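Here's a walk through the sheets, hairpins, helices and cores of one protein. Have the viewer open and follow along.

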Amino acid sequence: MRRVAGSVPCMRLSSISAGRQGRTTSSIFVRRLQTVSTAASHPSSKTAHEVSNEDERTLRDIFDLPTKTTLGSRWYHQGQPTGLLMETRFVSPKSFRKAGKQAVAEAQELVSRILQAQTDSERQQVLKCLDQLSDALCRVMDVAELVRQVHPDSAWQKAADDVYAEMFDYMNGLNTHVGLYRKLVEVMDDPASSKMFSQVEWEAALSFRRDFERSGIHLSEKAHEQFVRLSAGIHEHSRGFLRAQSLPLTKDQTIDVPLDHLRWLPSYAAMEILQASQSHKHADGKTYVRLEPDDYAAHYILRDCEDEGTRELVFRAWQRGSSEAVQSLEAMLKQRLDLAHTVGYESFGHMMLEDKMAKSPSHVNEFLRGLATHASPRWTAVAQSLKATKGSDVYPWDREHLVSRQHIESGALPSLMPYFSLGRVILGLSRVFKSLYGVELRAAIPQPGEIWHPEVRKLEAIDEQGQLLGLVYCDVFARPSKSHVGAAHFTSRCARRIDDDISVSGSDAGYSSQTVVERDGKKFQLPVVVLICDFPAPSEGAPPLLTWSNVETIFHEMGHAIHSMLGQNGYHNVAGTRCPVDFVELPSIMMEHFARSPSVLSLFALHYKTDEPLPVELIRKQAELRRQSSALDLHAQLFMSALDQRYHSAQLYASGEGKAVTDGWSTRVLAEVHRDSMFTGPDSSPANSMLSYVRGTRWQSRFTHLIGYGASYYAYLFDRVLAGQVWNRVFNGDYPHSQSTYQNGMFNPLNRDAGERFKNEVLRWGGGRNPWLSLAAVLDNGRTPSADIEAISQGDRSAMRTVGSWQLPDI
């Protein structure tokens, strides 16, 4: 089983921040939300304009006004609990534990049904049983993972930890269940049975089969025992690597920085650093700050401190890393290679990439080198420019400082945050989805016990017929009780068909009437997703204001959510975002392009005090700043992708110099990748000193993406390239015959025909079609050379070479 692993002018905030006509603001929200619920049930009860106006105002306000105003705390605390995320089984830690045991019991009965399948009709149900089994387990395990990250109640967290651990062990047993694997292969290899599969069903079956085979299902008993030992070791070393990230620094890891060198920093940053540090005088009479070089301090000192010696000191200390992290990382990488060898693969990279779009490490490396060939002149030019600014060679600790200085000298861009209240941004997303796909986001009242914190907001995704597509819970405000997972999209429940489920004794799926719909006489379980961010919470008189980067982040995460909402193909195992890791980011990165579009920004980017629109000139300046920094950002992404590939290659132990393997070999590999010709130029190139390895540093000790994206870190770059092509050639092409509409001096990518094309060829399939075929289909609209379409439809080395020849749109 595969593991885990959502245009009417706005009323100004000031006009609804106090009671009106004898009604409190809270009573206004009750009226609005009740009206929304009524309108969703009876779409004809109001004109479309009136419903849209009231719905949009409510959608904005639940994010922009304080929680106590939006009734979050009342619905969180009062009444009989209905169950977390509308699951009637999840009303308490005790019931959650029971749900875990019920899921295992249901799975076990489905296992028996599969093993006993003999007749043609029973064999045709094997795939359905596997998918139902996977859903039964994941609907509990995925929520357990969410609870562990965000729930403020320690009793819930403990229950989630215990349930997850128990079910993880059970699922690992299923992954190596020979009987299940043989029955699936028997069905897939039987022409009479397999010919009945639809394209989606075949992909679902294939995904199960690959998961089995990667779990060593074909191994001898002795080899299988070794596989289990290595898997357990990898899990433990991974946890050790992550734990090492939060270990307190020892005294010899701290550094002394002159107090007066903090004067160049913003006052709030200097104060934060001082409050977390101790000050003392040296023999020279000067006051020094004993600094722990964490990410926060390093960011501001490397950017703003004028003293190069202090910047170098901080950079070296910050990048030194911990020995514990390096030891855990090297042990994990070694066991990953041993695991791959045990299963019969040349390397861990070969094992992980077999079912991805890339197919093999050599294809990934060819793609990376193709990108580097196009981009290296750009980052060399940036290095030359920074050298001219400094007047001497540029080193890694100079880079952020000099880039910042150039930005200031070219004219500082005023803050754009007043134009981006969170509520207006969410409203903008709803308008984008409606324009492209006919889908709206509407505010909904959470029932008692449905949410885990009063600051969580609940949204419904509604189609043009007024039918519910799924639920999106937004836990987007920073608070101490959340793990620092950053921005994330959790799929707590995948969409799938359920009216044809196999009857299981004692099964209690816990469905709410709000999470099941009927379409064409069939019943479907609706998707439920949770978006996690760490934005500032709203306060009295001021909505939460987002940076430009924050806006791109929420658009990105909502791109995953809409993929889950529209990717309903009937099967849990290939629904929505359950597709190859090097394809899953395409819809979310596409949304980043929309976030930067002037015509899209005009839908919602209004000053929160004056309602003045964001000036187009500021948008253009922001785009230019992004373009200036894009070359260095690309270099960093390419470097991390190449390092990830090297760490998971068959040459794991070998250094280019043929030295014997010793502890700390990962640092030697780090230095070798820095010297790769992909990242260096001629000896005289100014980029060489700026981008070189700094002796004594161990940046790999902080590369936590190696845990979840081992051998797959390239995927983000890969999907950036794909998204750039889809954006240019489908939505907002830079060709004279662009399908997008030109309005008010701007291209308008909000074209319904383009949206329908992307929905029908990409989103609705989820993981139910070969992604290369989806890519070829969405681009085959007369703007992509036929030779390129033919190449990418093959999905082989020539396809990767073609994608590598495409440049990123902002390079």
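Two strands count as paired if DSSP finds at least two bridges between them. Also keep in mind that this is a predicted model.

Strand E9 covers residues 516–519, and strand E10 covers residues 522–525. Four bridges join the two, and they run antiparallel. Val 517 has Phe 524 in E10 as its bridge partner. Two residues sit between the strands, and Asp 520 takes a positive phi near 50 degrees.

In a regular strand the side chains alternate between the two faces of the sheet. E9 has a covered face with Val 517 and Arg 519, while Val 516 and Glu 518 make up the uncovered face.

## The five-stranded sheet

Next up is an open sheet of five strands, ordered E4-E5-E6-E11-E7, with mixed pairing. Its edges are strand E4 (440–444) and strand E7 (488–493), each of which pairs on one side only. On average, neighbouring strands here are turned by 30 degrees against each other, direction ignored. Strands of a sheet pair through backbone hydrogen bonds, either parallel or antiparallel.

Which strands does E6 pair with, and in what sense? With E5 the pairing is antiparallel, over six bridges, whereas E6 and E11 pair in the parallel sense, also over six bridges. Cys 474 in E6 is a handy landmark: Arg 457 stands opposite Cys 474, and Cys 474 stands opposite Leu 531 in E11. E5 and E6 form a hairpin with five residues between them, and Gly 466 in the turn has a positive phi of about 80 degrees. E6 is mostly covered, with ten of its ten residues buried. Moving on to E7, five bridges join it to strand E11 (residues 528–535), and the two run antiparallel. Thr 491 has Val 529 in E11 as its bridge partner.

## Helices on that sheet

Helix H20 (residues 548–566) packs on the sheet, touching E4, strand E5 (457–462), E6, E7 and E11. The direction of H20 makes about 175 degrees with that of E11. Helix H6 (residues 126–150) lies across strand E6 (468–477), E7 and E11. H6 runs at about 140 degrees to E7.

E1 pairs with strand E3 (residues 287–291) over four bridges. If you want a pair to click on, Ile 255 has Leu 291 in E3 as its bridge partner.

## A kinked helix and a buried serine

Helix H17 (residues 361–390) has a kink of about 45 degrees at Ala 375, shortly before the proline Pro 377. Just after H17, Gly 391 takes a positive phi of about 90 degrees.

Is Ser 599 buried or exposed? Ser 599 has a relative accessible area of 9%, so it counts as buried, the cut-off being under 20%. Ser 599 sits in helix H22 (residues 598–601), and its side chain makes a polar contact with the side chain of Ser 597 (3.0 Å).

## The nonpolar cores

In soluble globular proteins, nonpolar side chains tend to be buried together. Here the largest nonpolar core has 140 residues. The members that touch the most others are Phe 420, Leu 459, Phe 555, Met 558, Phe 594, Phe 731 and Phe 758. Helix H23 (residues 616–647) gives the most to this core, with eleven residues.

Zoom in on Phe 420 for a closer look. Leaving aside residues up to four places away in sequence, Phe 420 touches several residues including Val 425, Pro 544, Leu 545, Leu 546, Trp 548 and Val 551. Leu 601, Phe 604, Ala 605 and Leu 614 are among its contacts too.

Definitions and conventions. Residues numbered from 1 in each chain as written. Predicted model: local features only at pLDDT ≥ 70, side-chain atom pairs only at ≥ 80, totals over all residues. Heavy atoms only, no water. Axes fitted to C-alpha atoms, helices over the stretch in contact; angles between N-to-C directions. Contact = heavy atoms within 4.5 Å. Buried < 20%, exposed > 50% of the residue type's maximum accessible area, 1.4 Å probe, protein only. Polar contact = N/O pair within 3.5 Å; in protein donor to acceptor, adjacent residues only side chain to side chain. Bend = angle between axes of the 7 residues up to and from the residue. Core = buried A, V, L, I, M, F, W, Y, C linked by side-chain atoms within 4.5 Å.
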